[in-house]
Amino acid sequence: MKKLFLFLFCSTTVFAQDDLLDMLEKEDAKKTTFTQATFKGTRLINGQTVETLAKQHLNFWISHRFGSVNSGFMDNFLGLDEAKIRLGLEYSLTDKWLIGAGRSTIEKTYDIYSKYKVLAQSNKMPVTVTLYGGMTTNTMPTGYTTSSGNVMRYQNNLQRQSYFGQLLIARKFSDKLSLQLMPTVLHNNKSESIYLENNLASMGFGGRYKLTNRLSISAEYYKNIVDKEDYEEGAGTPYPYQDSFSVGFDIETGGHVFQLHLTNSRGMTEKHFIGQTLGTWGAGDIFYGFNMARTFSLEPKKK
């Protein structure tokens with residue numbers, strides 16, 4: 001009898017524990033668990049990621065692009081004798097909303113932009129979605145010759161403006177792999193040539209793969225949607241611009257994110273690396289460069 005009672009008591013206890021565990025699992029399933037660190041930085045290589053900053057944090061970006069590796073060893077030391085630079089700041093007003101500004105030596109360009117995280121990946125949401133947009137201003141003297149050989153003349157400052165907008169959609173598939181889509185629209189108030197459209201649509205693809213806790217490999221590609229035959233028929237010359245493709249490594253060192261990369265794009269704003277890439281990988285028009293970000297907390301210290 002005692003054995004029967006002991007058996008019934010143990011069985012009841014086990015079933016009760018199972019029921020309690022089931023209840024806890026159901027409660028946990030109701031809670032929203034957000035995915036962390038889809039990407040390590042707010043930039044992938046040239047372009048942006050879905051990431052923003054924590055509230056009241058400031059990022060200082062230094063972006064550097066050397067000359068092309070096919071520019072010669074003796075004459076240009078594989079491009080290291082020349083460089084283009086962009087300096088930028090970005091500040092997060094909230095955990096979801098970021099604003100930024102920068103200045104590039106390419107065409108003496110100023111840029112301002114904003115990002116807002118609309119959706120965050122979680123156990124209830126499969127992707128993170130961020131809206132990103134901004135504008136650039138070209139401050140070169142009127143009448144200068146562009147890298148493509150066209151002469152730019154401005155009648156007013158409004159013609160110097162360009163605008164861009166992106167929908168950034170990313171998913172972290174595992175602790176190692178994250179992928180992102182970047183549908184993009186660009187608009188130039190004044191195009192370089194009457195044969196070039198003022199508007200340009202592009203579809204970007206990107207991702208990163210973690211090799212170690214501090215080292216990742218990343219890549220991005222922008223496929224521009226243009227009618228090259230129409231341009232060549234009107235202008236009588238080959239379409240000058242190429243799709244942007246870049247690969248690189250991200251190194252995380254505490255408060256720094258250090259990015260080393262190779263790209264066929266010299267520019268560091270959307271107007272330049274999406275809309276005005278001249279280089280081709282096959283011809284050796286490859287630019288070595290790096291991005292370095294330092295994050296500062298501007299939160300008031302708690303007493």
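Me: Where does Glu107 sit?
Reply: Glu107 is in the loop between strand 3 (97-104) and strand 4. Keep in mind that this is a predicted model.

Me: Thanks. What is phi of Glu107 near?
Reply: Phi of Glu107 is near 55 degrees, which is a positive value in a residue other than glycine. For background, most residues other than glycine have a negative phi.

Me: And what about phi of Lys108?
Reply: Lys108 has a positive phi too, near 45 degrees, and is likewise a residue other than glycine. Lys108 lies in the loop between strand 3 and strand 4.

Me: Is Glu107 buried or exposed?
Reply: Glu107 counts as buried because its relative accessibility is 13%, and buried means under 20%.

Me: How does Lys108 count, then, and why?
Reply: Lys108 counts as partly exposed because its relative accessibility is 37%. That class covers the range between 20% and 50%.

Me: Let's zoom out. How many helices and strands does the chain have?
Reply: The chain has four helices and 14 strands. Of its 303 residues, buried ones make up 40%.

Me: What about the surface of the chain?
Reply: The accessible surface comes to about 16700 Å², and 62% of that belongs to carbon and sulfur atoms.

Me: And what share of the contacts is between residues 24 or more positions apart?
Reply: Counting contacts in the chain with a separation of 6 or more, residues 24 or more positions apart account for 60%.

Me: Changing topic: how much space lies in the largest pocket?
Reply: The largest pocket holds about 770 Å³ of space. It is lined by 33 residues, and the closest to its centre are Glu51, Thr52, Leu53, Ala54 and Lys117.

Me: Which elements give two or more residues to that lining?
Reply: Those are strand 1 (57-68), strand 4 (109-119) and strand 14 (287-297).

Me: What does the lining look like by class?
Reply: The lining of the largest pocket has 12 nonpolar, 14 polar and seven charged residues.

Me: You named Glu51 and Lys117 by the pocket centre. What does Glu51 form with Lys117?
Reply: Glu51 forms a salt bridge with Lys117, and their closest N and O atoms are 3.8 Å apart. Glu51 is in the loop between helix 1 (2-30) and strand 1, while Lys117 is in strand 4, so the pair links distant parts of the chain, 66 residues apart. Both Glu51 and Lys117 are buried.

Me: How many salt bridges are there in the whole structure?
Reply: A search of the whole structure finds six. One of them joins the side chains of Arg86 and Asp111, at 2.9 Å from N to O. This pair also links distant parts of the chain, with Arg86 in strand 2 and Asp111 in strand 4, 25 residues apart. Both Arg86 and Asp111 are buried.

Me: What about Arg266 and Glu82?
Reply: Their side chains meet in a salt bridge too, at 3.3 Å from N to O. Arg266 is in the loop between strand 13 (256-263) and helix 4 (270-273), and Glu82 is in the loop between helix 2 (73-76) and strand 2 (83-92), 184 residues apart.

Me: Are those two buried or exposed?
Reply: Arg266 counts as buried because its relative accessibility is 18%. Glu82 counts as partly exposed because its value is 33%.

Me: One more region. Where is Thr237, and what is it in contact with?
Reply: Thr237 lies in the loop between helix 3 (228-235) and strand 12 (244-253). Leaving aside neighbours within four places in sequence, Thr237 is in contact with Tyr231 and Glu232. Thr237 is partly exposed, with a relative accessible area of 39%.

Me: And Asp230, which element is that in?
Reply: Asp230 is in helix 3. It counts as partly exposed because its relative accessibility is 46%. From C-alpha to C-alpha, Asp230 and Leu196 are 9.6 Å apart in space, and 34 residues apart in sequence.

Me: Last one: how far apart are Ser174 and Thr38?
Reply: Ser174 and Thr38 are 136 residues apart in sequence and 9.2 Å apart in space, C-alpha to C-alpha. Ser174 is found in the loop between strand 8 (161-172) and strand 9 (177-188), and counts as partly exposed at 35% relative accessibility.

Terms used:
Residues are numbered from 1 along each chain as its sequence is written. This is a predicted model: local features need pLDDT of at least 70, side-chain atom pairs count only at pLDDT 80 or more; totals for chains, interfaces and linings use all residues. Side-chain values use heavy atoms; hydrogens and water are left out. On a 1 Å grid over the protein atoms alone, a cavity is a set of points where a 1.4 Å probe fits but cannot get out, and a pocket is an open set with protein on both sides within 12 Å along at least five of seven lines; lining residues have an atom within 4 Å of a point. Grid points are joined across faces, edges and corners, and a volume is the space filled by probe spheres set on the points. Ala, Val, Leu, Ile, Met, Phe, Trp, Tyr, Cys and Pro count as nonpolar, Asp, Glu, Lys and Arg as charged, and the others, Gly among them, as polar. Buried means under 20% relative accessible area, exposed over 50%, partly exposed in between (1.4 Å probe, protein chains only). Contact means heavy atoms within 4.5 Å. A salt bridge is a side-chain nitrogen of Lys or Arg within 4 Å of a carboxyl oxygen of Asp or Glu. Accessible areas come from the Shrake-Rupley method with a 1.4 Å probe; for residues, only the protein chains shown count as cover.
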